[in-house]
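Please keep the sequence and the model open while reading.

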Amino acid sequence: MAKIKKGDQVIVISGRDKGKTGRVLEVLKDSDRLVVEGVQRVTKHTKVGQSQRGTRTGGIETVEAPIHVSNVMIVDPETKKGTRVGYRLEQVERDGRNKTVRIRVAKRSGKDI
């Protein structure tokens, strides 16, 4: 089970974008990388051609490149700083039977993520 998921608010802790925050757009499990909104932006040169919805204009685009998962931390909902992630086991009753559920918890404040 991954500690960082799509939609989480993260802060970059190392690299050229250190200190920037953004929302996780995509998680690439096989390479341990994330695509974060507004972070690790690179320029991409595109050729004029045809796409499925008509003609595509060429030029220079800026896109988000993947960043390694070890270079980001989840933002604590209470202190708004980077925090590590822990888990708390909780018994939940569903359809008349008990089920154990893992809930992600910010280690800095103890609040649920």
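This is a predicted model: local features need pLDDT of at least 70, side-chain atom pairs count only at pLDDT 80 or more; totals for chains, interfaces and linings use all residues.

1. The chain is divided into two parts: domain 1 covers 1–75 and domain 2 covers 77–112. Their centres, taken over C-alpha atoms, are 27 Å apart.

2. How many residues of domain 1 are in contact with domain 2? Ten residues of domain 1 touch ten residues of domain 2. About 850 Å² is buried between the two domains, and carbon and sulfur atoms give 59% of that area.

3. Look next at the polar side of this interface. Four residue pairs are in polar contact between domain 1 and domain 2, both residues of each pair being at pLDDT 80 or more. The count of salt bridges between the domains is one. The side chains of aspartate 8 and arginine 104 meet in a salt bridge, at 2.8 Å from N to O.

4. Which element gives the most to the side of domain 1 that touches domain 2? That is β9, with three residues. By class, this side of domain 1 has seven nonpolar residues, three charged residues and no polar ones.

5. Side chains of opposite charge can pair when their charged atoms come close. The count here comes to seven salt bridges.

6. Arg16, Asp17 and Lys20 are linked in a network of salt bridges. Within it, lysine 20 pairs with aspartate 17, and their closest N and O atoms are 3.3 Å apart. Is aspartate 17 buried or exposed? Aspartate 17 has a relative accessible area of 9%, so it counts as buried, the limit being under 20%. Lysine 20 is partly exposed, at 40%.

7. Glutamate 78 and lysine 111 form another salt bridge through their side chains, at 3.7 Å from N to O. Glutamate 78 lies in the loop between β9 and β10, and lysine 111 in the segment after β12, so this pair ties together parts that are 33 residues apart in sequence. Glutamate 78 is partly exposed, with a relative accessible area of 49%. Lysine 111 also counts as partly exposed, at 42%.

8. Aspartate 112 meets arginine 88 in a salt bridge of 3.0 Å, N to O. Aspartate 112 is in the segment after β12 and arginine 88 is in strand β11, so the pair ties together parts that are 24 residues apart in sequence. Aspartate 112 is partly exposed at 40% relative accessibility. Arginine 88 is partly exposed too, at 30%.

9. Lysine 80 is not a glycine, yet its phi is positive, near 60 degrees. Lysine 80 sits in the loop between β9 (72–75) and β10 (82–83). At 59% relative accessibility, lysine 80 counts as exposed. Aspartate 95 also has a positive phi, about 55 degrees, without being a glycine. Aspartate 95 is found in the loop between β11 (85–94) and β12 (97–106). Its relative accessible area is 82%, so aspartate 95 is exposed.

10. Last, threonine 46. Threonine 46 belongs to strand β4, residues 41–46. At 18% relative accessibility, threonine 46 counts as buried. Beyond its neighbours within four places in sequence, threonine 46 is in contact with Thr57, Gly58, Gly59 and Glu61.

How values were computed:
Residues are numbered from 1 along each chain as its sequence is written. Side-chain values use heavy atoms; hydrogens and water are left out. Helices (H or I, at least four residues) and strands (E, at least two) are DSSP runs, numbered from the N terminus. Buried means under 20% relative accessible area, exposed over 50%, partly exposed in between (1.4 Å probe, protein chains only). Contact means heavy atoms within 4.5 Å. Domain bounds come from an automatic or database domain assignment. Buried area is the accessible area (1.4 Å probe) that two parts lose on being put together, summed over both. A salt bridge is a side-chain nitrogen of Lys or Arg within 4 Å of a carboxyl oxygen of Asp or Glu. A polar contact is a pair of N or O atoms within 3.5 Å; within protein, one must be able to donate a hydrogen and the other to accept it, and residues adjacent in sequence count only if both atoms are side-chain atoms. Ala, Val, Leu, Ile, Met, Phe, Trp, Tyr, Cys and Pro count as nonpolar, Asp, Glu, Lys and Arg as charged, and the others, Gly among them, as polar.
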